[in-house]
Amino acid sequence: MPLARSLSVTSLSGLEEWDEEFDLEDAVLFEIAWEVANKVGGIYTVIQTKARLTSEEWGENYFLVGPYVESNVRTQVELIEPTNPALKRTIDKMNSSGCKVYFGRWLIEGSPYVVLIDVGFTAWSLDTWKSELWELCDIGVPWFDREANDAVLFGFLTAWLLGEVTQSEEPPHIVAHFHEWLAGLGLVLCRHRQLPVATIFTTHATLLGRYLCAGNVDFYNKLANFNVDKEAGDRQIYHRYCLERAAAHCAHVFTTVSQITAIEAEHLLKRKPDIVTPNGLNVKKFSAVHEFQNLHAQSKNRIQEFVRGHFYGHLDFNLDKCLFLFIAGRYEFSNKGADIFLEALARLNYLLRVNHSDVTVIAFFIMPARTNNFNVETLKGQAVRKQLWDTAQTVKERFGKKLYESLLVGQLPDVSKMLDKEDFTIMKRAIFATQRQCQPPICTHNMLEDSSDPILNCVRRIGLFNSSADRVKIIFHPEFLSSTSPLLPMDYEEFVRGCHLGVFPSYYEPWGYTPAECTVMGIPSISTNLSGFGCFMEEHIADPSAYGIYILDRRFRGVDESCNQLTSFLFQFCKQSRRQRIIQRNRTERLSDLLDWRYLGRYYISARHMALAKAFPDTYYYELNEPTSTSGFRYPRPASVPPSPSLSRHSSPHHSEAEDNDEEERYDEDLEAEKDRVNIRQPYALDTFNIGLL
């Protein structure tokens with residue numbers, strides 16, 4: 001009996017509706033990951049943002065499986081009784097056998113069911129299960145690797161859970177989707193025990209790839225020549241690598257998040273992925289309809305307030321001509337491209353100075369590192385700023401009262417008498433308090449390892465110390481942003497909205513959520529052709545830079561050439577007028593549809609269909625016609641003149657109001673948006689997927 005599943009993406013003109021008939025009443029989806037209701041890294045974002053769409057598709061037959069972490073459960077999960085009879089019997093049986101398994105709803109969009117397993121409670125079985133793993137797979141896990149020990153416990157418990165569900169009287173067709181190596185052992189055990197389960201394994205980044213890139217290896221040029229066993233052994237992760245590789249080979253369907261990671265997986269894990277499943281976002285969460293430009297202005301004002309305090313005593317630049325750039329993510333100095341970004345900032349500083357530019361660039365580095373507290377000088381700056389504000393308000397009130405009294409008696413005020421000696425004394429004291437002998441600090445916190453910190457050492461080498469002569473200033477914030485911070489009280493989303501450009505010149509970035517988040521908030525960004533996001537945008541957009549997506553070539557150029565290209569991107573961006581930046585932000589925001597799970601979620605749907613067809617060939621069939629060209633849509637070049645200073649008449653930051661008015665007449669944002677959407681090409685129609693019941 002057909003289970004109806006229809007998905008329509010109406011926000012993207014030119015995309016045909018995708019309606020398929022697929023029986024899900026007799027199918028159950030288990031999605032297993034260590035980051036279910038347990039934020040560790042980017043996989044948490046993938047699962048959390050995808051949950052609503054998957055819940056709509058599978059309804060009551062969708063269950064997430066993860067570890068039980070009490071601190072997370074208290075704030076993220078509502079524990080309830082299992083609703084599925086087979087699952088209730090399974091959980092009761094496991095709990096009576098010495099396990100602790102919990103069932104509930106994850107309090108996120110979609111409210112999916114979660115099965116949480118307390119791996120610590122079954123630690124008494126660790127040695128037994130390690131021995132079994134050695135006998136079955138010849139994989140030995142050392143006692144000191146706590147993360148691998150957790151992976152063993154979690155793997156055996158999830159395999160136990162799935163095995164019990166398949167033992168019910170009328171077992172459903174089960175799809176088990178495992179994310180990353182920490183959950184991969186459960187998949188290997190399911191296949192070894194020949195459980196009737198369709199399995200999918202998704203690697204979001206290969207273990208060995210991350211370790212190799214962290215060691216400053218010429219990774220992509222040597223990818224085909226690595227002795228993977230030796231490299232994994234040298235880094236003492238051979239047991240982890242074996243678990244990951246076993247899961248990739250045992251899965252019915254192997255997927256990864258980007259084309260660049262697919263190449264990596266083929267060489268390091270020795271299996272070519274069956275399908276690429278790009279990471280999406282719940283765009284509705286970020287969409288501010290037509291208000292996103294106003295939100296940018298509001299958030300920018302809050303960042304400017306922080307800058308006023310941070311640079312007190314040295315605020316000798318015009319904040320209205322100040323551009324905010326940022327890089328954010330894990331503190332992987334080379335992998336995330338912080339090294340090349342700093343070098344490019346030094347070269348940009350030189351270009352701005354020799355060209356006598358009145359633009360000032362402030363670059364924020366939001367990367368968590370080991371600190372012991374806020375920097376006293378940074379806190380003092382915010383206190384001085386607040387004190388100046390209070391002083392100004394006091395003088396304003398006194399001035400206003402005198403003005404009011406003068407007008408009451410019908411006289412025009414004598415300006416020379418509006419401010420008395422006491423007012424001038426108050427203002428002189430305030431100005432004296434802003435005197436500063438030292439330079440504004442680079443780092444907002446006290447670093448525990450200041451002398452060996454890579455960012456600070458690079459800043460010392462390139463000599464960017466926030467001096468008055470420098471047109472580029474640097475602020476290193478070694479902590480995640482929070483609205484409760486006494487220093488910069490802003491959430492990450494609000495901070496991103498207030499910046500002008502996100503810079504992510506990563507050398508190793510399997511996907512890249514940071515530039516994706518910039519895009520859906522209408523903020524231009526720089527990424528690379530070694531990141532999944534950069535490759536995805538190059539594939540879907542005819543001219544990415546015209547839409548505010550700058551793709552840095554780090555694959556086919558040397559470091560110095562890439563650095564020069566990045567410097568060029570930054571310098572050209574600094575030469576844009578305010579009007580050009582507004583046009584570019586409008587274009588960037590329109591790309592958000594490409595990153596919506598409503599579109600990208602269909603690749604996960606295809607992976608599940610493929611797995612069911614492979615595991616249950618007598619019930620399901622799957623046929624995929626190979627695309628003859630690039631998959632998905634392809635945005636054409638914008639209809640109007642791109643916002644490039646070299647091609648625009650506003651090549652100078654100083655222009656007349658007449659030019660502005662003429663520009664507004666030439667540029668119709670709604671008309672251009674409609675042209676862009678109508679011209680979307682769809683070379684690869686997804687209705688070539690044929691799935692059904694025999």
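This tour moves from the whole chain to a strand trio, the cysteines and a surface patch.

The model is predicted: local features need pLDDT of at least 70, side-chain atom pairs count only at pLDDT 80 or more, and totals for chains, interfaces and linings use all residues. Residues are numbered from 1 along each chain as its sequence is written, and side-chain values use heavy atoms, with hydrogens and water left out.

**Stop 1: the whole chain**

Show the protein chain as a cartoon. It has 25 helices and 21 strands. These are DSSP runs numbered from the N terminus (helices: H or I, at least four residues; strands: E, at least two). Of the 694 residues, 57% are buried. Buried means under 20% relative accessible area, exposed means over 50%, and partly exposed is in between (1.4 Å probe, protein chains only).

Switch to a surface. The chain exposes about 29700 Å², and carbon and sulfur atoms supply 51% of that. Areas come from the Shrake-Rupley method with a 1.4 Å probe; for residues, only the protein chains shown count as cover.

Now look at contacts (heavy atoms within 4.5 Å). Among those with a separation of 6 or more, 74% link residues 24 or more positions apart.

**Stop 2: strand β10**

Select residues 253–256, strand β10. Val253 and Thr255 point one way, Phe254 and Thr256 the other. In a regular strand the side chains alternate between the two faces of the sheet. All four of these β10 residues are buried.

Strands pair if DSSP finds at least two bridges between them. Phe201 stands opposite Phe254.

Val276 is the bridge partner of Thr256.

**Stop 3: the cysteines**

How many disulfides does a search of the whole structure find? It finds 0. The cut-off is a pair of cysteine sulfur atoms within 2.5 Å.

Select Cys574 and Cys322. The sulfur of Cys574 has its closest cysteine sulfur in Cys322, 9.9 Å away, so it is too far for a bond. Cys574 is buried, at 6% relative accessibility. Then pick Cys213: it is buried too, at 2%.

**Stop 4: a surface patch**

Select Tyr404, Leu408 and Val409. They form a nonpolar surface patch with about 360 Å² of accessible area together. Patch residues have over 30% relative accessible area and no salt bridge; like charges are joined within 9 Å, nonpolar side chains (Val, Leu, Ile, Met, Phe, Trp, Tyr) within 5 Å. A salt bridge puts a Lys or Arg side-chain nitrogen within 4 Å of an Asp or Glu carboxyl oxygen.

Finish on Leu408. It lies in helix α14, residues 376–408. Its 59% relative accessibility makes Leu408 exposed.
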